[in-house]
Amino acid sequence: MSSTIGLTLGRTAANGCSTSVLNGAATCHVVASKALNGNNLHSMSETTAPTSKCPDLAAKVIQKSHIVCFDVDSTVIREEGIDELADFCGKGSEVARVTKEAMGGSMTFQDALKIRLDIIRPSQKQIHDFLKSRPSTLTRNVKRFVEHLKAEGKQVYLISGGFHCLIEPVANELNVPISHLYANKLMFYCNGEYAAFDTNQPTSRSGGKAEAIAHIRKQYEADTVITMIGDGATDLEAVPPANYFIGFGGNVVRPEVYKRAQYYVTDFEQLM
């Protein structure tokens with residue numbers, strides 16, 4: 001299924017997003033913001049507030065979706081769980097260095113995850129204390145949006161490269177069933193010390209979010225429409241098997257994701 005929506009020819013939204021029908025499918029074009037001289041485009045970094053891309057069309061994507069899948073870190077919650085846990089355990093700078101190397105493409109996602117966890121080595125007690133002292137902060141309007149989706153009869157899933165034990169409280173707060181949570185699972189020795197992580201979880205490896213969505217898709221009818229929402233490249237790359245991707249920049253903006261995403265919002269209210 002193509003990521004397009006049939007709309008009225010030549011319709012232009014107030015945010016500068018225009019649509020035109022080509023062979024029966026709507027294509028979305030963003031009118032770029034220009035500098036004072038009218039020629040130079042504004043540059044954007046991860047700290048610059050972006051302009052939304054086609055939020056009206058993104059809202060229509062949500063309307064036609066049967067299942068909506070969310071990334072968690074920097075999307076559903078404001079923090080990056082592994083960074084927060086590393087800082088809590090006194091390993092923040094070491095983990096940040098590995099994360100930077102991983103982003104440079106020098107190692108696989110699973111290798112980077114293993115190295116970072118081998119540095120942090122969080123015990124069950126540390127996990128418990130971390131959850132108690134640093135509970136995750138829900139992103140603005142996400143709870144209302146999830147309630148809206150459920151009221152419309154849509155299924156909601158959380159798919160994360162983070163840790164199951166850290167995300168369970170988030171799922172509970174959003175009333176998302178734990179069976180609808182795909183994330184990495186930590187394993188511990190009988191004395192509570194960290195042992196390893198479950199490498200059988202799809203989210204523990206590159207392409208894992210797409211693999212998780214493929215697993216979800218098998219549980220529903222063939223024509224089920226699935227949309228993935230997230231801030232990162234791994235979320236964007238979940239299409240296919242997801243039908244649509246909506247980039248989210250309410251907490252952090254990844255320039256490459258903003259550039260490649262057809263739809264991009266900065267507040268979940270834009271999708272209601």
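Colleague: Okay, how many helices and strands does the protein chain have?

Modeller: Ten helices and ten strands. Keep in mind that this is a predicted model.

Colleague: What makes six of the strands a sheet, and what is their order?

Modeller: The order is 5-4-3-8-9-10, with parallel pairing, and the sheet is open. Two strands pair if there are at least two bridges between them. Strand 8 (residues 226–230) and strand 9 have four bridges, so they count as a pair. In that pair, Gly230 stands opposite Gly247 in strand 9.

Colleague: Why are strand 5 and strand 10 called edge strands?

Modeller: Strand 5 and strand 10 each pair on one side only.

Colleague: What packs on the sheet, touching strand 3, strand 4 and strand 8?

Modeller: Helix 6 does, and its direction makes about 160° with that of strand 3. Helix 8 (residues 208–217) packs on the sheet too, touching strand 3, strand 4, strand 5 and strand 8.

Colleague: Which residues touch the most other members of the largest nonpolar core?

Modeller: Phe70, Val76, Leu158, Ile229, Ile246 and Leu271, out of 33 residues. Since core members have to be buried, each of these has under 20% relative accessible area. Among the elements that give two or more residues to this core are helix 1 (55–64), strand 3 (67–70) and strand 4 (155–163).

Colleague: What does Ile229 touch?

Modeller: Leaving out residues up to four places away in sequence, its contacts include Ile62, Phe70, Phe145, Ile246 and Leu271.

Notes
Residues numbered from 1 in each chain as written. Predicted model: local features only at pLDDT ≥ 70, side-chain atom pairs only at ≥ 80, totals over all residues. Heavy atoms only, no water. Core = buried A, V, L, I, M, F, W, Y, C linked by side-chain atoms within 4.5 Å. Buried < 20%, exposed > 50% of the residue type's maximum accessible area, 1.4 Å probe, protein only. Contact = heavy atoms within 4.5 Å. Axes fitted to C-alpha atoms, helices over the stretch in contact; angles between N-to-C directions.
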